[in-house]
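Please have the sequence and the structure at hand.

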Amino acid sequence: MSIYKSIDTSLIHGGISMDERTGAVNIPIYQTSTFKQDGIGRNRGYEYSRTQNPTREALESLIAELEEGRRGFAFGSGMAAITAVLSLFKSGDRVLISSNVYGGTFRVLDKVFSGFGISYSITDTSDEEAFKKEITGDAKAVIIESPANPLLTVTDIERIARIAHEKGLLVIVDNTFMTPYLQRPLALGADAVLHSATKYLGGHSDLVAGLVVVKDDELADRIAFIQNATGGVPGPFDCFLLIRGIKTLGVRMDRHTANALKIARFLKEHKDVKRVYYPGLEDDAGYEINKKQAENGGAMISFELSEEKDSRKFFESVRLIMTAESLGGVESLVCHPATMTHASIPEDIRKKVGITDGLIRLSVGIEDADDLIKDINNAIIESGVK
Ligand SMILES: *Cc1c(COP(=O)(O)O)cnc(C)c1O
């Protein structure tokens, strides 16, 4: 638990934030695979970098503090973090996932863990009754994203956690879209929170990493064992970059989210935009619940152009905003969920959950909001008539 009053301070001084031996104000990059032992069975707390590394330890202690958990764990990617958490389960277990969970989470369950006898069901965690129906004997956990990718569907984390706990399920929240700066799922009742740190936490589109934080010691010991046994750890340099990124998370998120609200309002008023999904807009379906559990609506917006427009042309017409996978960096990015981030989800499921071919997902960066609006407006004009 943080000794500081505000997360703004913890972002900079949280966890192990300086080098005690030298006084260096930044944790050094301990680029080493192994550590000298002073005798058999006598080490200085470090033996081998898959097991512990001081740079990674600094990052892990920082994220644990930010997410208000017991212990943090770093991984080589968000998917490695998810894989480590899913490795808690065994043959015969079933995992419930939100209907528009991250495509890679669906894929690893559908194509990898299914081979080990771990099954999944897709449920709508924003619909309590639908969720309750899925909780039967073999259901062992639920993975929630709120807001979920890419329709920004909001789930009441506290309520779903309460229902899930009554039946003994483990509650796992993918907090990539919100970050601990905007939402802290462990405080809302989750058992584990995970991140693709590639996104907002890193913040500069220059690294791939994942993080997990858990609430109790028993779960921490199990994840620590899996982390060391399966070995999906990040290198010390990426840990350093991530610590450096996290220091500016607060100021970045303030700008990201202020820009997003301005752009969402602009899109909402635009005559050629059919629908806007952004939980920071007062008339959005998820607004009230999101407001209860998060600081604001975040900086991801999805929208659909009107039927007369060719949304594929939109991606060729943006000049400042880049068409790319990923999100959460300082630069604004757009993607086409149906063929990019959610391509691994079969077409029938995609259509059922509302990921249409016309859907555009925007990760709002920290550029000037009016420049971004001008770019979006031009691209809509150039999307012309089909
Ligand atoms: C990107 C992402 C992941 C996967 O993380 P990687 O770092 O790309 O492996 C998982 N969940 C969400 C919500 C994501 O956006």
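## Terms and ground rules

Helices (H or I, at least four residues) and strands (E, at least two) are runs in the DSSP assignment, with numbering that starts at the N terminus. This is a predicted model, in which local features need pLDDT of at least 70, side-chain atom pairs count only at pLDDT 80 or more, and totals for chains, interfaces and linings use all residues. Residues are numbered from 1 along each chain as its sequence is written, and side-chain values use heavy atoms, leaving out hydrogens and water.

## Two cis peptide bonds

The peptide bond from S146 to P147 is cis, with omega about -5°.

P150 also belongs to the loop between strand 4 and helix 6. Here the cis bond joins N149 and P150, and omega is about -5°.

## Two serines with positive phi

Next, turn to S205, in the loop that links strand 6 (192-196) and strand 7 (210-214). Its phi is near 50°, a positive value in a residue other than glycine. S205 is partly exposed, at a relative accessible area of 45%. The term covers values between buried (under 20% relative accessible area) and exposed (over 50%), using a 1.4 Å probe and protein chains only.

S326 lies between strand 10 (322-323) and strand 11 (333-335), in the loop there. Phi of S326 is near 85°, again positive in a residue other than glycine. With a relative accessible area of 24%, S326 is partly exposed.
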